[in-house]
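The following explanation is intended for a reader who meets this structure for the first time. Please keep the sequence and the model in view while reading.

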Amino acid sequence: MTTSDLALQLWPPAASATAVETDWLILAFTVLTLLLTVPVFVAITWFAIRYREGVRADRSSSGVRSMPIEISWMLIPFLLTLIFFAWGARLFFISKSPPADAMVVEAIGRQWMWKFQHPTGQSEINDLHIPVGQAIRIRMTSQDVIHALYFPVLRMQMAVLPDRTTEMWFKADRTGTYRMYCSEYCGTDHSRMDGRLVIMTQAEYAAWLQDSGAQQGGQAGAGRAVYEAYGCGNCHDPGARVRAPSLAGLYGRPVALADGRTVVADESYLRQKILNPNRDRLAGGGRQVMPAFQGVIANDDLDRLVAYIKATGPRAEQEDPR
Amino acid sequence: MSGSATTGDAHAFRDPQTPDATLDREADYLHAEHTLRSWFFTTDHKRIALLYLASITAFFVLGAVTAGLVRLALVVPDGQVFSNDTYNKLFTIHGVVMVWFFLIPSIPATFGNFLIPLMIGARDLAFPKLNLASWYVFMTGAFFTLVSVVLGGVDTGWTFYTPLSTAFSNTWVVPALIGVTIVGFSSILTGLNFVVTIHTMRAPGMTWFRLPIFVWTHYATSLIFLLATPVITLALVLLILERAFHIGVFDPAYGGDPVLFQHLFWFYSHPAVYIMVLPGMGVISEIVPAFARKKLFGYKFVAYAAIGLASVTFFVWGHHMFVNGQSDLASLAFSVLSFAVAVPSAVKVYNWTATIHKGSLRLDTPMLYAMGYIGLFVLGGLTGLYLATLAINQHVHATYFVVAHFHYIMVGGTVLAFLGGLHFWWPKVTGRMYVESWGRISAFLIFIGFNVTFFPQFILGYLGMPRRYHVYPPEFQFLNILSSAGSTILAVGYIFPMIYLVYSIWFGKRAPANPWDARGLEWTVPSPPPAHNFLSEPKAPEIPYDYPIQASESQRHHS
């Protein structure tokens, strides 16, 4: 990761012209803030020493009327700060007006995962790969609560709302792997709803698209993220408190059902069992506690999840990609 | 009659410099009656203020302990200390308790209650029974909120955003909402009482421009209580109905609007910031002249500013929604309006600085808190401008930058003003002096601890650490450890006053009527004050803040 794991970082990397200008804006604003505050700090300290009770000093009234002073120390800072209002507004409106040739990425937020779909059809979970130097327009919506998509490296975030579409656009000018977060509090695993923004050269991006489109392994890899996002492992992983049946090596094996039948765990069985676990109860008398995912999991996610379960061999532990 | 003659009246029945321990003990409000009943059914504004003080102190402890646990959790980046759910409940309880059960009632319900009648020369508030009722309403709300905590807590954040709070949280949201809704009524009753009292109960000669700024800021605060609180009451009732019956106001799954709640919530909660800020400004405006021995700089301007800020603050709520799908035009308007309210608020510190100029300064504990307040409040106010700047907001919204900013206002502002006021009026309230050196030590500890805790959070926010994150990237660990370390210093600074102030109640030196030689009618009565406040009819001073050293004031040049 280019986001170095240094213990102390003092300034975040910037990967777009807007991000760089935002930095200039805040730096210039900080200069003004210092001009407005440092004299106060110095004055308080100086007065506390100079005019301490018992210290001989000139305490005669200057006779200056207070109203002009009041008005000037209110108006001058206000007018000075308005420069930053205008600058900030200009930058904000630029970031609200995407160019016509922007590449549109569809994003879906859901407790607690991100899904991105590229214009060529490929989709990915919790990571976003984009080409450098190309205007990207992200159209987002949420399937449950309010989330927000936040890329610190672009100095940009936008709420992801249920039942509405919101947008952001940017043009990255630096390759690398950066952090991406959900920045609107969204429940239990809010702080795990993060991911990576991978900014690649055009050639790398084209190769990545081809890879993720063609490879079944890519599908299974994405399925692992789906498996995590839906919290499947909380019950199905070895060592989980709810001792749900292990899924490792399940695909293709015979399964004994409560009604005496035995079926083979094929793709359609896995699919049905995820959507409606109450059908085809398992033999062995275990309590059926799994919720139905009918209407909860999207079809393409289900494909990936099934692909992942198919790919899990007899080895129970898969390496955690995080 | 002049100010000095008023002091003479006070001398007539008790010499403030050498108080007699036993002579008129029966007369003061603390010793007039001793039964439990005399406390829990009192209509004396001073006793009710103490009931509030005890309650909000208990809530402050709860809020501080949960904050400590949050800081403990954030020492490690991988969320090993608590489960995510526990962490979410901790910061929610911290926020709910600190905002509604400490910060909002803090100064108005305690010092406002205690001092407004004394400052304006009245025997009590206009509606003493309503005043007692407001405490019971407060405690009823507190009960429901505590029930939700005991049953297992709430995890929605103190902001209760929909549809998380209505359809997705599996915690005790409804009892907490009922609690917060009920507490709103106690704010409304208190505000109503203050407005009527300040209008109708002023002593003869106590004209509006002879009122202490403390009274002005409480008048402005009361207007916000009255006008803004009903909106949050409505919003929270709708939220309860939505959660219980899916009425479809906020949840898009039932045809509602997911952002509507944010508008209603902030229509109250932004003015509520001024409920917390204005009374603090009032306290500082009393302390600074007393310890500078100088008239407050720009008295009239500060008085008008209080009313002006309380009005404009109603029109800035949308700055919480720049990146929440609000229209761009609305964001532009809310941005410029926010500048219009933040700049005048922040530059109020210039008035206090100008008051200190050419004063004769005594750096006693209340003054140390006031000076700390001035430094922290101006930083909090100006970082608010960063957040009001649209392009910067796009980056630091909902990050630790916001957390740092509002803690500079809430803790650096309100809590320091509260503690400054507590030390300033403690001799008046209890009739006892605390040990000054302990007061100074804890004021320093709090100032240092506060900055070490919260300054690193500005940097964390700019680096992009989102707020309400239990698990965070390892590169943020150093600054988080620094912040947590600071909070331990802050904790010590909070614990000290609880010890030495309580100690002083039994073992402190007896306080004279006016230990600071301060102006204002509350200092003309004995410490503690008699049950009925004034033994003879109070005389309003000719000019407010009639300290030995005069400050410039425009009106004086016209006459």
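Residues are numbered from 1 along each chain as its sequence is written, while chains are lettered from A and ligands numbered from 1 in the order in which they are written.

The model scores ipTM 0.89 and pTM 0.85. Confidence in each residue is expressed as pLDDT, the predictor's own value from 0 to 100. Chain B has a mean pLDDT of 91, with 94% of its residues at 70 or more. Within chain B, helix H3 (residues 45-73) has the highest confidence, at a mean of 97, and helix H1 (residues 3-13) the lowest, at 39. Helices (H or I, at least four residues) and strands (E, at least two) are DSSP runs, numbered from the N terminus. In two stretches of chain B, pLDDT stays under 50: residues 1-23 and residues 553-559. Where pLDDT is low, the predicted coordinates should not be read in detail.

Chain B contains 18 helices and two strands. Its radius of gyration, taken over C-alpha atoms, is 23 Å, close to the 24 Å that the globule rule gives for 559 residues, so chain B is as compact as a globular protein of that length; the rule is 2.2 Å times the number of residues to the power 0.38. Along the principal axes, the C-alpha atoms of chain B fill a box of roughly 70 × 50 × 40 Å.

Of the 559 residues of chain B, 62% count as buried. A residue is buried if 20 or more other C-beta atoms, placed from the backbone, lie within 10 Å of its own, exposed if 12 or fewer, and partly exposed in between. Helix H13 (residues 365-388) of chain B has 24 residues and spans 34 Å from its first C-alpha to its last. In H13(B), 24 of the 24 residues are buried.

For chain A, the unreviewed UniProt entry annotates residues 24-49 and 70-93 as "transmembrane region"; such annotations may be inferred rather than shown by experiment, and their positions follow the numbering used here, with feature names shortened. Residues 24-49 of chain A are 100% helix, with end C-alpha atoms 37 Å apart. Residues 70-93 of chain A are 100% helix, and their end C-alpha atoms lie 34 Å apart.

Conventions:
Predicted model: local features only at pLDDT ≥ 70, side-chain atom pairs only at ≥ 80, totals over all residues. Expected span 1.5 Å × (residues − 1). Contact = placed C-beta atoms within 7 Å.
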